[in-house]
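These are my notebook entries on one protein chain. I set down each item as I looked it up.

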Amino acid sequence: MTVHLKFKNHFFERISHQCSLVNWVDIENEYYSVLKELLQEENPQKQNESIRTLNKEFDDVKRLLEKYLTEIIEKTEIAKHQSIPYTLLLNFNYTQIAKTLYNDHNIDEIININGELNSKNNPIIFGYGDELDDDYNKIEKLQNNDFLENIKSISYHKTRSYRELLNFISLGPYQIFIMGHSCGNSDRTLLNTLFEHDNCISIKVFYRQYEDGADNYIDLIKNISRNFNNKPNMRDIVVNRENCSPLVPTEKEVAE
């Protein structure tokens, strides 16, 4: 029997048909792609209607994300993990996993930069954050605020989290440990601020390791590279693979 699905939410239909979307950042990238497609619409009325519809549909996807993650957290018992040697934990996850894993390991401060599930004071920020993109200036020049509805750098002004992060990195030299973040363009504005700050002395990645022995270290470095304007500085401060470690070692490596 053939089953035909009819989507009321066209943005959800679009991302459902793309098997290449495997991370949340991919959905955020897709939103931005649609945003740029709407730049080509010459009819102002149709453009206004389209961007409002897109934002409404994107909000529906955002609510589904929050509901999904809430259910996962309620069903999952989080195990304790080893501590990390720096005082600020910048959490891009919407859940309390970071607090559960690291709160007892000399972490002085946790900033939930993308918001928290079911929080009125710190609502989740799900959108796009790449002011370095060539088309971003075109979006701003439209003078249409609907196009900026889900731009992260604007949403950050809703809370003090971003300001607290800027205060922290201005205090003195710091090292960045990247654990679980893909470093995709969806957070490019924020990551560029962290990576190219004068106080950033090194960036160390904890890469994903696969059962066949392969890993995603080089993919992470490629993504990190896109967040730098100063490439020589990037080559100077990014830690090479020999001095990095897998986030969760395979059983084979642990045994050895």
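I count two residues as in contact when heavy atoms lie within 4.5 Å. Helices (H or I, at least four residues) and strands (E, at least two) are DSSP runs, numbered from the N terminus.

Entry 1, provenance. I am working with a predicted model, in which local features need pLDDT of at least 70 and side-chain atom pairs count only at pLDDT 80 or more, while totals for chains, interfaces and linings use all residues. I number residues from 1 along each chain as its sequence is written, and side-chain values use heavy atoms, with hydrogens and water left out.

I found eleven helices and five strands in the chain. I call a residue buried under 20% relative accessible area, exposed over 50% and partly exposed in between (1.4 Å probe, protein chains only). By that criterion, 44% of the 256 residues are buried. The accessible surface comes to about 15500 Å², and carbon and sulfur atoms hold 47% of that area. These areas come from the Shrake-Rupley method with a 1.4 Å probe; for residues, only the protein chains shown count as cover. Among contacts between residues at least 6 apart in sequence, I noted that 62% join residues at least 24 apart.

I looked up how enclosed α8 (residues 188–195) is: seven of its eight residues are buried, so the helix is largely enclosed by the rest of the structure. The buried residues are Arg188, Thr189, Leu190, Leu191, Asn192, Leu194 and Phe195. Which elements cover them? I listed the strands β1 (88–91), β3 (174–179) and β4 (200–207) among the cover. The helices α7 (161–169), α9 (217–225) and α10 (231–237) are also included.

Two packed helices are described by the angle between their axes and the distance between the axes. I take axes as lines fitted to C-alpha atoms, for helices over the stretch in contact, with angles from 0 to 180 degrees between N-to-C directions. For α7 and α8 the angle is about 20° and the axes are 11 Å apart. The two helices are therefore roughly parallel (angles under 35 degrees count as roughly parallel, over 145 as roughly antiparallel, 65 to 115 as roughly perpendicular and the rest as oblique). Their crossing is right-handed, meaning that the near helix is turned clockwise from the far one by less than a right angle. On the α7 side I recorded Tyr162, Leu165, Leu166 and Ile169 in the contact, and on the α8 side Leu190, Thr193 and Leu194. By class, this contact has six nonpolar residues, one polar and no charged. Ala, Val, Leu, Ile, Met, Phe, Trp, Tyr, Cys and Pro count as nonpolar, Asp, Glu, Lys and Arg as charged, and the others, Gly among them, as polar.

Asn118 has phi near 55°, a positive value in a residue other than glycine. I placed Asn118 in the loop between β2 (109–112) and α5 (136–141). Is Asn118 buried or exposed? Asn118 is exposed, at a relative accessible area of 58%. Leaving aside neighbours within four places in sequence, Asn118 contacts Glu66 and Thr70. Cys183 also has a positive phi, near 60°. Cys183 sits in the loop between β3 and α8 and is buried, with a relative accessible area of 1%.

I looked up Ile221, which lies in α9 and is buried at 15% relative accessible area. Not counting residues up to four places away in sequence, Ile221 touches Met234 and Val238. I noted a C-alpha separation of 8.5 Å between Ile218 and Arg241, which are 23 residues apart along the chain.
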